[in-house]
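Please open the model in your viewer and keep the selection panel at hand. The stops below are meant to be taken in order.

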Amino acid sequence: ILEFLINGAPQLNKRVLDSKKDVDVNLKEACTDFITTAATLLSSPIYAFLAQIDTNSATAITMEQYRNVVSETNQRISNKLPGVKNLMGLYLANAETEAILFRPIRSQIMGQFALLRKHIDKLEDEDRFIINCPSPEQLTLTLAY
């Protein structure tokens, strides 16, 4: 009785669980994590290089540094993209779903190259030729699914 007087009348808490919503939220988080991880895996040299450009003056960056980051990123894509595609095929086993999930990965990588290209386009024609940054069309073919 004393507890009743101190705490008041007991209350009924009603809680409805929506398991479908929970699964959808978890699936969306997992897909987002995968997209971010895969895009970073494939284009991490550009991410790091662009961060370096943001902290330093872009004029202090040499043509050789641009060439190295483009070359390293192209090698990463060539070496690691087949593994990413294989994992997607293994776990999803549905070409349409794989293509849908790969689209934002491709978009993020192309976005990183576009940001890098803005800096490269400020250089002399000869330097741009030596750097050999792939065009959006070349990237689309390289990242085709």
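This is a predicted model: local features need pLDDT of at least 70, side-chain atom pairs count only at pLDDT 80 or more; totals for chains, interfaces and linings use all residues.

Residues are numbered from 1 along each chain as its sequence is written, and side-chain values use heavy atoms, with hydrogens and water left out.

Select helix H2 (residues 19-55) together with helix H3 (residues 63-92), whose axes come within 9 Å and cross at roughly 175°. H2 is therefore roughly antiparallel to H3 (an angle over 145 degrees). Helices here are DSSP runs of H or I with at least four residues, numbered from the N terminus, and axes are lines fitted to C-alpha atoms over the stretch in contact, with angles from 0 to 180 degrees between N-to-C directions.

Next, show the side chains where the two helices meet (heavy atoms within 4.5 Å): Phe 34, Leu 41 and Phe 49 are among those in H2, and Tyr 66, Arg 76 and Met 88 are among those in H3.

The contact includes Tyr 66, Ile 77 and Leu 92 of H3, and Leu 101, Ile 109 and Leu 116 of H4.

Finally, select Tyr 66, Ile 105, Ile 109 and Leu 116, the residues with the most contacts inside the largest nonpolar core, which has 27 residues. Such a core is a set of buried Ala, Val, Leu, Ile, Met, Phe, Trp, Tyr and Cys residues joined through side-chain atoms within 4.5 Å, where buried means under 20% relative accessible area with a 1.4 Å probe, protein chains only. H2 gives the largest share of this core, 8 residues.

Terms used
Angles under 35 degrees count as roughly parallel, over 145 as roughly antiparallel, 65 to 115 as roughly perpendicular and the rest as oblique. Buried means under 20% relative accessible area, exposed over 50%, partly exposed in between (1.4 Å probe, protein chains only).
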